[in-house]
Every structure is written in C-alpha cells, then in structure tokens.
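Q: Could you walk me through reading a protein model, one feature at a time?
A: Gladly! Let's look at it together.

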Amino acid sequence: MTLPQPEEAAHTIAVATPGRAGLLRRLLRSPVAVTCLVLLALASLFAPLLTGQDPAHTSLTDSLAPMSGQHPLGGDGVGRDVLARLLYGGRTSLLGALLAVAVALAIGVPAGLVAGYYRKWFDAVSSWLSNLLMAVPAIIVLLVVMSAVGQNTYLAMAVFGVLMSPGVFRLIRASVISVREELYVDAARVSGLTDPRIIRRHILPVVQAPTIIQAAQMLGLGIVIQSGLEFLGLGSASQASWGSMLNDAFANIYTKPVLMVWPGVALAVTVAAFGLLGNAVRDALAGSAVGGRRPSRGAAGRRPVAAKKARHTTSVTSAMNGMSETADADDALLVLEDLTVTHPTAEGDKAVVDGVSLKVRRGEVLGLVGESGSGKSQTAFALLGLLPREAQVSTGRLVFDGTELGRLGRADMNRYRGRRIAYVPQEPMSNLDPSFRIGAQLVEPVRRHLGLSASEARAKTLGLLERVGIADPKRVFNAYPHQISGGMAQRVLIAGAVSCEPDLLIADEPTTALDVTVQAEVLDLVRSLQRERNMGVILVTHDFGVVADICDRVSVMQTGAVVESAPVAQLFAAPQHPYTRMLLSSTLEDAEPRAALSPGHTVPASVAGITNTGRQEGPA
Ligand SMILES: Nc1ncnc2c1ncn2[C@@H]1O[C@H](COP(=O)(O)OP(=O)(O)OP(=O)(O)O)[C@@H](O)[C@H]1O
C-alpha cells in the first residue's frame, strides 16, 4: 500500500551529496595540503635522491666550509655536509615525532572510547590516571629517561607519547560522551546493534576529525621536543637530526651564525606544515561528510536528553532473581509488574515511575496516556533498557514472551531489542545518524538479525520503504537524513522498526513532531502494520484522540503511577478515576464551548494586537 505523502514532497531537499571515497581526491585538490605533503616527503623520504653526501662523514678540511658545489649549504663545525644532515635529519625528527604520536594515539584513543562509552569504574580509573600523568612535568621525565637509558631518542619519544596520551584520552572521551547521548545512538542500540558496531559506525566518525587535528598538533610538538633534547646534546651522536644540527650551530654561533638558520627554518616549516595538513584533512573529511553532518532540522531535531531520558542500571531487584523463563498464565506478550524508576537529583532521589504494572497481549495495542511528565517515556525507556546508568530501576517482574528480561545481560538483551522488541521514537530526525545514508542505517540491523546477504537486505529494505508509503524508495534509500522530511523520516524509522518482524513495538509519541495530516497517515500506518503482523504495540501518547483511533486498551498514568487501565470503549464510556475523567473532560471535543463575548466586553489592546493608533500589529 502506498500512502499519499504531500508533506514529504513539499519538504524534500534535492541536494547532490559527495561520497566519502573522495577524501584523498579532496585533499589532493587543496594546494596547501599538496605543498605540505611535498615538504614532508622531502624531509623524510627523498634524502638519498637529493644528496650524494654522507651526513655522518666528517672532514676537518671542510670544517665550517662555505657554500660550494660540493657542499651547497656549506660544512658544519666538524666538516659534515649541512645539506645532507638537513635532509637526513628530517627523517630522524619525523620518525621520533611519529613514534610519540603513535604511542599517544594507541593509548589515548581506545582508552577514551571505552571510558566515554561505558563510563563506570574504567572511566573513573582512567580519568584519575590521566590527571596524574598530566600533572607530571614531561621535560623532567624525558631528561631522566635519556640520562637513564643513554642516547636513545626513540625510546624517549615513546615515553613522550605516553605523556601526551592523556590529551588524546580527554579529547576522545569528551567527544564520545557528547555523541553517545545522541538519539541516533540510542536508536542504534534499540535496533540491537552491538557496542563495537555502534562505536565503529556512529562514534568513530565523530571523533576522527578532532583526533586528526590533535595528532597534527602533537606531531609538531613532538618534533620540537625531540629537537630540544638533541639540542641539549641528549640525542645519538651518530644520527643526523635537526636538534643536533642546532647544537653544532650553537657551538659556532659567532663564527658561522648561518648554521642556525637551516635547521631552524626546517623545524618551523615542518611544524607549520603539520598544522596546515591537519586542517586540510579535517576540511576534506568535513567536505566528504557534507551529505551527512548537516544539522537535520535545526534545534527541533534534538530534545533535551537529560530531561528526557536516563540510562538503565540493571539494579533490577533481588525479587527478580530466580524468575527466568516464566510462562504467563494467559496470552500475555509482555508482563511488567511493579516498575520503579528513581533518579538521583540535587534534592535527593526522585521516583519518576512508581509501581507501574502493564500487560500487553499479542496483537493488542495498549495506549499509555497521561499528562506531560507523568512518566510515560520513562516507562518505555525502562522497558527498552535505555535509562541512564545513574537511574535506579527495579521491577517485580518483566517477562517478555516467557523470558524474564531483567536477568539478561547487555548482549542477550541485544538479541531482543531490534529483533523482537522494536522502538519508534518521538523525533525521527534526531534518531537517524546524519553521517550515513538511510539505506545503510536500515540494512545493518536487518543483516545482523536476520542473517541476510547485502543484496537480500537491500531488497527487503526497499520493499519496506515502499510498504510504509515512500513513493520513491530508491531515492530515499540513497539519501542522507537531511534530504528527507520529518514525515518521511518517521516512515523510515517505522520501516526500520518493523524490518525484523518484531513481536512488540514500543512507539513513543511517534507523531508529535509531525503536522496534523501526516500524523493521521503515520497512525494509520502503525495500525495497519500492527494488524498485518499481529504485533503487540505500546503506544505512548497524551492524545485521547489517538487512543480512540488505534488502541484496544489504555493505561492512564499520573505522576509516575498507573491510575486506571481498561479497554478503550469502557474507559471512554465510564472512566473510573477522577484523573481520567479530568483528562477526558479537558479534551477539546468534550469541553464546554466558551460563552460568546457579551456586547459590552472589550478585548485589551495588548491581547488583540491593536495599537493605540488603531492599526493592527503583526507580520505584514
Ligand atoms: N534524568 C532525570 N533526572 C530527573 N528526573 C527526570 C529525568 N528524566 C526524566 N525525569 C522526570 O521524569 C518525569 C517523567 O518524565 P517522562 O519523560 O517519562 O514524562 P512523559 O509522561 O513521557 O512526558 P512527555 O509527554 O512530556 O514526554 C518528568 O518529571 C521528568 O522531569
């Protein structure tokens, strides 16, 4: 069935987007990047091609020799060829700096990823260690190392890498913490993707640009530090390096000051080249992600995460232990008993869900209604395991299709999430990763859960996109999230949610971010998919109209507790709880029409938008 989609057509932005493969091409198109690459290559690779002189060969007759055909830049204090030392010295300096940066990245990147993503004790311990390392004066440590191990510059640079790793760790950790709160990361989690996959697909692309910039800065710093140590005479005497050239030049500063110039210029140019190259790589990366990194729909695409969600701790109580594989007496798909969610706040622990019990049967739509803040979303997040770690979650019973979910670890839970329990979020745009094409985001869970090949998963996904009413599935499949409208994005997420044929769909106000026409279409879609697949659905909403439209039963929540549950017709005909009656009477249809204004009644000018000149204010 293809549904009409006027809203989508109106909002669709046709933007051609470059792929990621063009990164190197983009880099090579930048004159700055090319110049830097050439300079660095000259300094590191081509020394033997550019000079036939041995950089270590001394000749007293050539001591402080002037520039000549044999020695284009002259000779140093002991008659070594300055040009050869300059060219070969670049290798030593670059290799040492690369070693330091490699060590810093090898420690800082994985540690930052794990600490930022998993937090807990590893985060605490690694942050403490990183603070400790940062407090250590690096140059003193290096001097001690060099004096202890002799003139081994590379070992000193490896130690310097360790000392630089806290900087990388902090950067990566902070980037990961910010991105892991994004709704599209939650969406990936809910779709059952494993942590390594989420990190590779959604987290690493975000941290790569700052890491590149940081690495470029560290390379420059590494070269300067290494040269400093060699200038002090701590490097290997047999190895040409820019630092040892400076040392020699300093000894002859009054007789031949020009000797200071060559290594000084080489150092300055190389450090600048690294900085500029880092910027160029970052720009090239940003350019190749143009299709993705654009903000989805401005601020509307993001909701205040802290206020809206919290993370799961399975401090699920001892009451649950020993309750696995529980079969329920009737045909209940999901049985939740006595769910409590408590958040630590500045004023003490705050229970936002308090003793909620729900039951959903196969093929049944349960509406979860209540005012804003009544705990509907917190209940849904608790069922999905999406509450923040600091939240305390306890439940008497959480049985899904005969299995006690509360006892499952993260990996086991991933087999249920996405595959058998799916989620449709409130704000579609922020639940799609802007870096990836829509097709890629839909295909991955399908391949993982259903074990399909790439082409089978693609065909299935295209079929699903068509099924949810997208007129041009191929275009949407290849589009980035910013290229489709909010309504279309919601259809995409519904397609993703039902792609693995789940038994239970949890939809958290799936139409809130959409306009009225599209709302009705999306609700129709949810209802028809639910009937077609005999899914159980929990529909979180504050709208009794939606409840009347598509729900079979309804549970009403007030301040974290369910105050009434009943079949929809019964609830509308004879609401029992005063809060339910109050909610029903406050809906527009049931409210008493307001009385007509009396003839003498005047509207204050400020309200009517009339100025004292009698002109109506407002947009032209
Ligand atoms: N991390 C948190 N710390 C403290 N309180 C929280 C946290 N997250 C949510 N809450 C509170 O929990 C209560 C229930 O929030 P929830 O999002 O479940 O409400 P809701 O019924 O879904 O509302 P809405 O319809 O507006 O989405 C609210 O008072 C909210 O402020």
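Q: How many helices and strands are there in the chain?
A: Helices (H or I, at least four residues) and strands (E, at least two) are DSSP runs, numbered from the N terminus. Here the chain has 25 helices and eleven strands. This is a predicted model, where local features need pLDDT of at least 70, side-chain atom pairs count only at pLDDT 80 or more, and totals for chains, interfaces and linings use all residues. Residues are numbered from 1 along each chain as its sequence is written.

Q: What share of the residues counts as buried?
A: A residue is buried if 20 or more other C-beta atoms lie within 10 Å of its own, exposed if 12 or fewer, and partly exposed in between, with C-beta atoms placed from the backbone. Of the 620 residues in this chain, 45% are buried. Take Arg 189 in helix H9 (residues 183-190): Arg 189 is buried because 23 other C-beta atoms lie within 10 Å.

Q: Which residues touch the most other members of the largest nonpolar core?
A: A nonpolar core is a set of buried Ala, Val, Leu, Ile, Met, Phe, Trp, Tyr and Cys residues joined through C-beta atoms within 7 Å. The largest one here has 153 residues, and Ala 100, Ile 506 and Leu 539 touch the most other members. Helix H5 (residues 82-118) gives the most to this core, 18 residues. Domain 1 (25-60 + 81-290) and domain 2 (362-374 + 407-585) both contribute residues, so the core lies between them; the domain bounds come from an automatic or database domain assignment.

Q: In what order do the six strands of the open sheet come?
A: Two strands pair if DSSP finds at least two bridges between them. The order here is E7-E8-E9-E3-E10-E11, with mixed pairing. Strands E7 (421-424) and E11 (561-567) are at the edges with a single partner strand each, so one side of each has no neighbour in the sheet. Inside the sheet, E3 (residues 365-370) and E9 (residues 536-540) pair in the parallel sense over four bridges. One detail to find: Gly 367 has Leu 539 in E9 as its bridge partner.

Q: Where does UniProt place the feature "transmembrane region"?
A: UniProt positions are given in the numbering used here, feature names are shortened, and annotations may be inferred rather than shown by experiment. The unreviewed UniProt entry places this feature at residues 32-50, 94-116, 128-148, 154-172 and 259-278. In the model, residues 94-116 are 100% helix, with end C-alpha atoms 31 Å apart. Residues 259-278 are also 100% helix, and their end C-alpha atoms are 30 Å apart.
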